[in-house]
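Here are a few notes to read alongside the model. Have it open and click through the residues as you go.

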Amino acid sequence: MELSAEYLREKLQRELEAVHVEVEDRTPNRCSASFRVLVVSSKFEGKPLLQRHRLVNACLAEELQHIHAFEQKTLTP
């Protein structure tokens, strides 16, 4: 599976109705996928950090099987 920062950004924005998404591809030498994301969504309102991260993980469940390292920051608007 070919993963790109743009693909992940669009999927997170669409499925989590995010007002802001940043995806940084930190893959060294294209040997194993590594991404850092920042997601700002009202769907995170009133949810603790673990639940926010679970929402992101559920959104990217298929993609995470092919990602070696994944760092996320989740905020509300």
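Which helix is Arg52 found in? Keep in mind that we're looking at a predicted model.

1. Arg52 belongs to helix α2.

2. What does the side chain of Arg52 reach, then? Have a look at Phe44: its backbone oxygen is 3.5 Å from that side chain. Setting aside neighbours within four places in sequence, Arg52 is in contact with Phe44, Lys47, Gln72, Thr74, Leu75 and Thr76.

3. Next, the largest nonpolar core, which has 16 residues. Leu8, Leu12, Val23, Phe35 and Val39 are the ones with the most contacts inside it. At least two residues of this core come from each of α1 (5-15), β1 (18-25), β2 (34-41) and α2 (49-59).

4. Zoom in on α1, where the buried residues are Leu8, Lys11 and Leu12. They lie on the same side of the helix, because they cover an arc of only 95° around its axis. These buried residues pack against β1, β2, α2 and α3 (61-64).

5. Leu12 deserves a click of its own. Not counting residues up to four places away in sequence, Leu12 touches Glu17, Ala18, Val21, Val23, Val37, Val39, Val56, Cys59 and Leu60. Glu17, one of those partners, comes just after α1 and takes a positive phi of about 50°.

Methods: Residues numbered from 1 in each chain as written. Predicted model: local features only at pLDDT ≥ 70, side-chain atom pairs only at ≥ 80, totals over all residues. Heavy atoms only, no water. Core = buried A, V, L, I, M, F, W, Y, C linked by side-chain atoms within 4.5 Å. Buried < 20%, exposed > 50% of the residue type's maximum accessible area, 1.4 Å probe, protein only. Helix = DSSP H or I, 4+ residues; strand = E, 2+ residues; numbered from the N terminus. Contact = heavy atoms within 4.5 Å. Arc of directions from axis to C-beta. Polar contact = N/O pair within 3.5 Å; in protein donor to acceptor, adjacent residues only side chain to side chain.
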